[in-house]
Amino acid sequence: EPAVDPERAAKGETLYADYCSTCHGFELKNTGGVTFDLRRLRPADHERFVNSVLNGKSQMPPWRGVLDAEQIESIWAFIRATVDR
């Protein structure tokens, strides 16, 4: 997998803070509640991640129509940049 684009990861960090951090934790630091710990996602989980964001999963609401593909990819870039560093 190619290196993460820092600019895209930075956009993703802002989106993550706005849309994801309430449940998934500030800077991916999950407090061990009911939400999935995003630090467990591996590069091979990309499709699963996109599907969960678009369609929701368990208590997570679907974000289809709220976040577009570019925004979702930016959030993924932020996760990869944070987990893989």
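Q: Which residues does His-24 touch, not counting residues up to four places away in sequence?
A: This is a predicted model, in which local features need pLDDT of at least 70 and side-chain atom pairs count only at pLDDT 80 or more, while totals for chains, interfaces and linings use all residues. Residues are numbered from 1 along each chain as its sequence is written, and side-chain values use heavy atoms, with hydrogens and water left out. With contact taken as heavy atoms within 4.5 Å, His-24 touches Tyr-16, Lys-29, Asn-30, Thr-35, Phe-36, Leu-38 and Met-60.

Q: What is the relative accessible area of His-24?
A: His-24 lies in helix H2; helices (H or I, at least four residues) and strands (E, at least two) are DSSP runs, numbered from the N terminus. A residue is buried under 20% relative accessible area, exposed over 50% and partly exposed in between (1.4 Å probe, protein chains only). His-24 counts as buried, because its relative accessible area is 11%.

Q: Which helix gives the most residues to the lining of the largest pocket?
A: A pocket, on a 1 Å grid over the protein atoms alone, is an open set of points where a 1.4 Å probe fits, with protein on both sides within 12 Å along at least five of seven lines; lining residues have an atom within 4 Å of a point. The largest pocket is lined by 22 residues, and those nearest its centre are His-24, Phe-36, Leu-38, Lys-57 and Met-60. Both H2 and H3 supply at least two residues of this lining. The most, 4 residues, come from H3.

Q: How many residues apart in sequence are the parts tied together by Tyr-16 and Phe-78?
A: Aromatic rings of Phe, Tyr and Trp (its six-membered ring) pair if their centres lie within 6.5 Å; planes under 30 degrees apart count as stacked, over 60 as edge-to-face and the rest as tilted. The whole structure holds 3 aromatic pairs. Tyr-16 and Phe-78 form a tilted one, at 5.2 Å centre to centre and 45° between the planes. Tyr-16 lies in helix H1 (residues 6–19) and Phe-78 in helix H4 (residues 69–83), so the distance along the sequence is 62 residues.

Q: How many residues apart are Tyr-19 and Trp-63?
A: Tyr-19 and Trp-63 form an edge-to-face pair, with 5.6 Å centre to centre and 80° between the planes. Tyr-19 is in helix H1 and Trp-63 in the loop between helix H3 (46–55) and H4, so the pair links distant parts of the chain, 44 residues apart.

Q: Is Ser-74 buried or exposed?
A: Ser-74 is in helix H4. Apart from residues up to four places away in sequence, Ser-74 touches Arg-8, Ala-9, Lys-11, Gly-12 and Leu-15. Because its relative accessibility is 2%, Ser-74 counts as buried.

Q: Is Val-34 buried or exposed?
A: Val-34 has its place in the loop between helix H2 (21–24) and H3. Because its relative accessible area is 68%, Val-34 is exposed.
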